[in-house]
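Trainee: I would like a close look at a single part of this model. Please take me through one residue and then its surroundings.

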Amino acid sequence: MEAILQSIMYFSRYLLPFLAAWLLFRCGRSMLRERYEPEVWAYLRLPDGTAVPVRHWECIIGRSRLSDIVVAYPTVSRSHAALIRSGKGLWTVYDLGSKGGTRVNGESVEAAELEDGDRLTLAGVHLDFMDLNEEERLSLSRQRREPGRLIRPGISFFILTIFQLLLALQHGISSEPEYTRSILLAFFALSIAMWCYYLIMRSIRRTGFEVETIAFLLSTLGLSVAATSVPGDMVKQIILLLMGIGLFIALGWWLRELGRAKALRWPVGFAALALLALNLLASEEVFGAKNWIYIEGFSLQPSEFVKIAYIYAGTASLDRLFMGRNLFLFIAFSAVCVGALAIMGDFGSALIFFATFLVISFMRSGNIATIFLAVTGAGLAGFLALTVKPHIAQRFATWGHVWEYANDAGYQQTRALSAAASGGLFGQGAGRGWLSGIVAADTDMVFALLCEEMGLIVALCAVSGVILLAAFAVKSSAHGRSSFYVIASCAAVSMMMVQMALNVFGSLDILPFTGVTFPFVSRGGSSLISCWALLAFIKAGDTRQNASFVVKPPSKYRSNAGYMEEEYDQCEYEDEEYGMGPSWEEEPE
């Protein structure tokens, strides 16, 4: 029996990296190589008869090549007008202070509603607005391909299930007998939750699962980290993981209605400030950072939940791409958040928030001068933090010299480097490493722990998973419905990317050690729940046909006759070219 168990451990060490790499290859192939068909919401007919599609809910019309709808006439301003669609299908045109003015049906306007057939005149250039009726919208929707054509999502979930099974067996062999049952049950519960999610989404004809597949893979690695470091808390860890998945679904459902999502921005913003205030007043200091609250034996890190509120409130308040008044309010909100984190001594989280602020503000304004000013101010604040907070200054002092302080300030990083090197390409096996005995090995140095136990290949797959999410969000941004979804998606992946880079490079002494977690992988309930919530923003940016449950299908929309009450179910038709409809079966690879 012992020989059989050792054989399982031996072969699974080499099979796990292969499965992880294969799974990411499948997801990346579908996310980055599959053809996108952008949505079309209306048309503008130019004087030469060309019908230009309106592909977004907020479009800038102007002479500039950077405009969403280019009207290349000399009298038209570079950014002449903005065409905005509400979640209920109402179109409104706004003049952007143009020299030639904007007219609707011959009447000069600063803001006016548009209906199908209206004539929009920009500095003497006549454009005819054509809204889509039900039949036209249905016809265009039929031409859009569903994801899952290059790969079958069900097979990806099956591969991930095998990965989870082998990892659970490794821990079952390596762990103490009293913990074996709870570890196996935790992995089993994760697999069941994953398949339940898949079946529910398939029942409503959703076919895009790449984002969730990556998140489930990273969460599986996080469960392995917990099984190594705190095997007695596996029940607690799986409950927190299920709570994160539940929050992902709930937030995704809430984001389906753009108007509803924006209406909650002020309460969410005040909630973020309240959490920071609670953190300042009631938290306890751990390793120089005052960011933990302990309640009845449970620990809570409010700054992790502030991440969700920060993106939600900051993005929702920027509801007009062409208006600057909300940008200054967002800057003030960001300054309060980053300043509070600096006072707490949480330098890593402050840096993550600041990097996210740069992404949101640049996507919102496109103003390099604003970004330069913000970076300059942050540099000054960082200098002050180094002089006021001794533990931060010490981390910078040991940066690049950890081996000179191997038994002092560089103790954690030198052990992390040694453990990562000892793991090689395929690792020593789940639960068989020694780094887990070092403080913060399962949080701040989790990349080294992955390298030691599962090998460099699996650790790099974890990094690649976050990079794939970022690349997919950037690709999806070109086809986003609303700037709210686009900015929120890019801000969420930016937060994950910066967080991952600080964790990986900090533990390897490439960057100063900031003590932040690896998204989905590091042990910790607050961080895990926050990452799954951020995933809802990424999912909201995916507008591929039937890809995301967050994106509301075109069931009800406005036409000349008002609101169409007939619901459009995409299961009711078949498309010969693309094979969609009730008789469609996913193509073999």
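Mentor: Start with Val-336. Its relative accessibility is 45%, so Val-336 counts as partly exposed. Keep in mind that this is a predicted model. Val-336 lies in helix H10.

Now look at what Val-336 belongs to. Together with Trp-266, Phe-270, Leu-273 and Leu-329, Val-336 makes a nonpolar surface patch of about 490 Å². Two helices, H8 (265-282) and H10, each supply at least two residues of that patch. H8 gives the largest share, three residues.

Stay with H10, but turn to its aromatic side chains. The structure holds 23 aromatic pairs. In one of them, Tyr-310 and Phe-333 are stacked, with 5.7 Å from centre to centre and 25 degrees between the planes. Phe-333 sits in helix H10 (residues 325-344), while Tyr-310 sits in helix H9 (residues 302-317). The two are 23 residues apart, and the pair links distant parts of the chain. Tyr-310 and Phe-333 are both buried.

Other aromatic residues gather elsewhere. One aromatic cluster is formed by Phe-157, Trp-195, Tyr-197, Tyr-198, Phe-209, Phe-216, Phe-248, Phe-520, Trp-532 and Phe-549.

Charge meets ring at Arg-260. Its charged end sits over the ring of Trp-253, 4.3 Å from the ring centre. The charged end of Arg-260 also sits over the ring of Trp-254, there 4.7 Å from the centre.

Next, helix H5, residues 210-229. Its 20 residues should span 28 Å at 1.5 Å a residue, and the end C-alpha atoms are 29 Å apart, which agrees. The expected span takes 1.5 Å times one less than the number of residues. Of the 20 residues of H5, 19 are buried, so the helix is largely enclosed by the rest of the structure.

Finish at Gly-525. This glycine is found in helix H18 (residues 525-540). With a relative accessible area of 15%, Gly-525 is buried. The cut-off for that call is under 20%. Gly-525 and Ser-299 are 226 residues apart in sequence, yet their C-alpha atoms are 8.6 Å apart in space.

Back to where we began. Val-336, in helix H10, is one of the residues that make the nonpolar patch.

Notes:
Residues numbered from 1 in each chain as written. Predicted model: local features only at pLDDT ≥ 70, side-chain atom pairs only at ≥ 80, totals over all residues. Heavy atoms only, no water. Helix = DSSP H or I, 4+ residues; strand = E, 2+ residues; numbered from the N terminus. Buried < 20%, exposed > 50% of the residue type's maximum accessible area, 1.4 Å probe, protein only. Phe/Tyr/Trp six-rings, centres within 6.5 Å; stacked < 30°, edge-to-face > 60°. Lys NZ or Arg CZ within 6 Å of the ring centre and 35° of its normal. Patch = residues over 30% accessible without salt bridge, like charges linked within 9 Å, V, L, I, M, F, W, Y side chains within 5 Å. Areas by Shrake-Rupley, 256 points an atom, 1.4 Å probe, with all protein chains shown as cover. Salt bridge = Lys/Arg side-chain N within 4 Å of Asp/Glu carboxyl O.
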